[in-house]
Amino acid sequence: MYSIQPDWALSSDVYKKRIVNRMGIAHFYEFRINNLGLALLPSIPDDCIDVVFDISFDGAQAMAAGTVFERSETWMVEGHTYFGMRFLPGVKPVFLEGIFSEYNYEQFHLSICTKDSFLIEKMCELPDFNSRCDFFMEYYEKKLSASELVLSGTDQIVRSVLSDISDHRGIIRIDSIADSTGYTSRYLEKVFKGMMGISPKKYADILRFQSAIDFIDKNPSTNISDVASDFGYYDQPAFVRIFKKCTGLTPREYREIIRSQDYMSRIVNM
């Protein structure tokens, strides 16, 4: 499951991307904002934490940004180049302090939420996209090996719920998960919300939305009513309401932007 932020790619002529899907990392990306007229750089809900480095900023700046729950403006600046990594939905990087829920709807300066503040200067001084990716992968693999992560019973329950929701792309009823685990829906919601900051249903709704928008990106001629049906929405009006809340656009308006701006051609897999 690769969550996306489409306006970030639309803001740039070239959006470099390296898919990882390992160690909790979804992918790396890098882009320069030079088409601000095409996008206002909103963030959309994705259930993910991003760590983003402003590699054109003289002071070496970086942010840890959690998921939003509806369209929300970001801090990014026209003319700047950004390198970042998006962690898989529900994953908090081990080098960040706190728990996942503390990053929801927040954008923290990296220097205040990690002890590994050397990362900021190091990532900004490396010469290119591939060297930044390679350095971080080596650093993070060592970090994971050194961490003594002991999962409590509650942690294991939450991870199981996260896995079930991800496997079904968010198209799953929470009572079905409860039936398979032997816990009540009420108990699952309590422990899940305690760690993630949102209910499992809300989390699943975001993954389902991300699955739907990813499908539209790759199939811009698709019929919107078919997308609504295929991704388990009650009807097309319900899909339109949720889509507009998350993106500020109707699905048809979004689809037209994707087609007219040749969105997928901007993404270069490295």
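Student: How many bridges join E4 to strand E5?
Tutor: This is a predicted model. In it, strand E5 covers residues 61–65 and runs antiparallel to E4. Within this pairing, Val52 stands opposite Met63. The number of bridges joining E4 to E5 is five.

Student: In E7, which residue is the bridge partner of Val52?
Tutor: Strand E7 (residues 81–87) pairs with E4 in the antiparallel sense, over five bridges. The partner of Val52 in E7 is Gly84.

Student: Is strand E4 largely enclosed by the rest of the structure or left open, and how many of its residues are buried?
Tutor: Asp50, Val52 and Asp54 point one way from E4, while Val51 and Phe53 point the other way, and all are buried. Buried means under 20% relative accessible area. E4 is therefore largely enclosed by the rest of the structure, and its buried residues number five of five.

Student: Is Val14 buried, partly exposed or exposed?
Tutor: Val14 is found in the loop between helix H1 (6–10) and strand E1 (15–22). With Val268 and Met270, Val14 makes a nonpolar surface patch of about 220 Å². Its relative accessible area is 40%, so Val14 is partly exposed.

How values were computed: Residues are numbered from 1 along each chain as its sequence is written. This is a predicted model: local features need pLDDT of at least 70, side-chain atom pairs count only at pLDDT 80 or more; totals for chains, interfaces and linings use all residues. Side-chain values use heavy atoms; hydrogens and water are left out. Patches are made of residues with over 30% relative accessible area and no salt bridge: like charges are joined within 9 Å, nonpolar side chains (Val, Leu, Ile, Met, Phe, Trp, Tyr) within 5 Å. Accessible areas come from the Shrake-Rupley method with a 1.4 Å probe; for residues, only the protein chains shown count as cover. A salt bridge is a side-chain nitrogen of Lys or Arg within 4 Å of a carboxyl oxygen of Asp or Glu. Helices (H or I, at least four residues) and strands (E, at least two) are DSSP runs, numbered from the N terminus. Buried means under 20% relative accessible area, exposed over 50%, partly exposed in between (1.4 Å probe, protein chains only). Two strands pair if DSSP finds at least two bridges between them.
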